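I set out to record what I looked up in this entry, one topic at a time. The notes below follow the order in which I consulted the structure.

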Amino acid sequence: DEVKQAGERHREDVRKLLEGRLGPLRMQVRSLQAQRQRLMRSELERLAEMVAARGATVIRFPTVRIVPPKEVAPLDEAVRRWRSFDWVVFTSTHGVEAVARRARALRATLVAGLPRIAAVGPATKAAAESVGLTVHTVPDEFLTDEIGKALGDVCGQSILLPRSNLAGRSLADDLRGRGANVREVDAYETV
């Protein structure tokens, strides 16, 4: 129980460190010298630099790798038909990056405003905006299954879902169940 409580305190300190809210705790943070920290997500690079500066040995341990899909033809077709969709729903920054990369390779223009764009959360919205897309909706809760509600009435609409080869089907099933014509394409593979 004591070990569990210490781990929870450590996680809370790391969270505050990442948020830049260490404040009075800064003096309480012990040296990390001779400790090993395992970071499992590339987004934690800032934390890796911070704990290394305090003396820790940082072991980077990526658990997944993002690669292009084995078959790009379905994604290429979707990019070429970009304007034919009513909505494009991005469920990750990786999906945005993959679509933008294929558009550049095809010399296709992703027109801002057409189709409407939905993003699962703020990071995905920022990624879409960084490639010139206007995001029209983000769900109140940043969950894939909440996107359908944010889209409103989709009956008869054409929706593109560029996503991972491992993505669940619940969003697509929900949209189809509400009368949408959903085109799912593997934009990238998670390996």
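**Entry: Arg163.** I looked up Arg163 and found it in strand S7. The model is a predicted one. Is Arg163 buried or exposed? I noted a relative accessible area of 3% for Arg163, under the 20% limit, so the residue counts as buried. I then listed its contacts, leaving aside neighbours within four places in sequence: Thr91, Gly168, Arg169, Glu184, Val185, Asp186, Ala187 and Tyr188.

**Entry: strand pairing around S7.** I followed S7 (158-164) to its pairing with S8, which is parallel and extends over 7 bridges. Val88 has Leu160 in S7 as its bridge partner.

**Entry: the sheet as a whole.** In what order do the strands of the open sheet lie? I read the order as S3-S8-S7-S4-S5-S6, 6 strands with mixed pairing. The edges are strand S3 (66-67) and strand S6 (135-137), each of which pairs on one side only.

Entry: I asked which strands helix H5 (residues 122-130) lies across. The strands are S4, S5 and S6, and H5 runs at about 150° to S6.

**Entry: helix H3.** I listed the buried residues of H3 (residues 73-80) as Leu75, Asp76, Ala78 and Val79. Why do they line one face of the helix? Viewed down the axis of H3, the buried residues fall within an arc of 160°, so they line one face. As background, I noted that an α-helix has 3.6 residues a turn, so residues three or four places apart point the same way. I then looked for what covers these buried residues, and the cover includes helix H4 (93-106), strand S7 (158-164) and strand S8 (181-190).

**Entry: H3 against H4.** I computed the geometry of this helix pair: the axes of H3 and H4 come within 10 Å and cross at roughly 75°. That angle makes H3 roughly perpendicular to H4. On the H3 side, the residues in contact are Leu75, Asp76, Val79 and Arg80. They meet Ala98, Val99, Arg102, Ala103 and Leu106 of H4.

**Entry: Ile117.** I located Ile117 in strand S5 (residues 116-119). Its relative accessible area is 1%, and Ile117 is buried. How far apart are Ile117 and Trp87 in sequence and in space? I noted 30 residues in sequence and 5.7 Å between the C-alpha atoms. Setting aside neighbours within four places in sequence, the contacts of Ile117 are Trp82, Trp87, Val88, Phe90, Leu133, Thr134, Val135, His136 and Thr137.

**Entry: totals for the chain.** The secondary structure comes to 7 helices and 8 strands. Of the 191 residues in the chain, 36% are buried. Among contacts between residues at least 6 apart in sequence, 58% join residues at least 24 apart. The accessible surface is about 11,500 Å², with 50% belonging to carbon and sulfur atoms.

Note on methods
Residues numbered from 1 in each chain as written. Predicted model: local features only at pLDDT ≥ 70, side-chain atom pairs only at ≥ 80, totals over all residues. Heavy atoms only, no water. Buried < 20%, exposed > 50% of the residue type's maximum accessible area, 1.4 Å probe, protein only. Helix = DSSP H or I, 4+ residues; strand = E, 2+ residues; numbered from the N terminus. Arc of directions from axis to C-beta. Contact = heavy atoms within 4.5 Å. Areas by Shrake-Rupley, 256 points an atom, 1.4 Å probe, with all protein chains shown as cover. Pairing = 2+ DSSP bridges. Axes fitted to C-alpha atoms, helices over the stretch in contact; angles between N-to-C directions. Parallel < 35°, antiparallel > 145°, perpendicular 65-115°, else oblique.
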